[in-house]
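Thanks for coming. I will take one chain today and go from the overall layout down to a few single residues.

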Amino acid sequence: MPAGGPCPTCGKHPVAPGGPAQVRRQRRWSRTVGTLRIALVIVVVLGLSWALISAVYTGPPVYSDPLTTQGSYHLTPGHFTVLSGAITGEDYIVGNYTVTDPVGAAIALNVYNSTSFGEFERGQAATPQWSVTGEPAGRIVFAAPYTDTFYFVFENPYLSTSGINETLFAATQYQSNVVIG
């Protein structure tokens, strides 16, 4: 057998003196690395499976809409409160409002888009998208003509010298125009 070459009969490399121990260590290391690789693959597959299965069972995330709300608001004379949120074009906001104290007092409701609301806040002439004034109670049925942030402004129309503080209750709900079927 040539020194350092393969055996012409069996094709195996000769083992140098004192070499079997090193061969055993290499085999042990090779088996350990192989076992670790298999374990790593199993852990990754189980992790991905868990992530996919949990996503299927929990469904998509649900975010509450700021225009689906209800609450009472205190308005001093000449001041206002705002409910605002993004509305997709042709979606609806429905609900109702009423002045609970003093009963029968007038309230003004104006709906502004993002541009007009900025004008309203600065005290400039602002054009509302929808308006109801002088009623103590009413229904809200607003269909957004386009996608934008809309502001539902409830305003106490009385002068600050009148001393008429109002308590308003309003309930609104965002309704999508998309039909899922």
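What follows is a short walk through the fold, the surface and some backbone details.

First, the conventions. This is a predicted model, in which local features need pLDDT of at least 70 and side-chain atom pairs count only at pLDDT 80 or more, while totals for chains, interfaces and linings use all residues. Residues are numbered from 1 along each chain as its sequence is written, and side-chain values use heavy atoms, with hydrogens and water left out.

The layout. There are two helices and eight strands in the chain, in the order α-β-β-β-β-α-β-β-β-β along the sequence. Helices here are DSSP runs of H or I with at least four residues, strands are runs of E with at least two, and both are numbered from the N terminus. Take contacts, meaning heavy atoms within 4.5 Å, between residues at least 6 apart in sequence: 76% of them join residues at least 24 apart.

Of the 181 residues, 27% are buried. Buried means under 20% relative accessible area, exposed means over 50%, and partly exposed is in between, with a 1.4 Å probe and protein chains only. The chain exposes about 12100 Å², of which carbon and sulfur atoms supply 60%; areas come from the Shrake-Rupley method with a 1.4 Å probe, and for residues only the protein chains shown count as cover.

Now helix α1, residues 20-58. Ile 42 is in this helix and is partly exposed, at 46% relative accessible area. Together with Ile 38 and Leu 46, Ile 42 forms a nonpolar surface patch of about 310 Å² accessible area. Patch residues have over 30% relative accessible area and no salt bridge; nonpolar side chains (Val, Leu, Ile, Met, Phe, Trp, Tyr) are joined within 5 Å, like charges within 9 Å. A salt bridge is a side-chain nitrogen of Lys or Arg within 4 Å of a carboxyl oxygen of Asp or Glu.

Next, the backbone. Most residues other than glycine have a negative phi, and most peptide bonds are trans. Glu 90, in the loop between β2 (80-87) and β3, has a positive phi of about 75°. The bond between Asp 101 and Pro 102 is cis, with omega about -10°; Pro 102 sits in the loop between β3 (92-101) and β4 (107-112).

Last, is Ala 144 buried or exposed? Ala 144 is buried, at 2% relative accessibility, in the loop between β6 (137-143) and β7 (148-155). Residues touching Ala 144 include Glu 90 and Phe 150.

Methods
Lists of a residue's contacts leave out its neighbours within four places in sequence.
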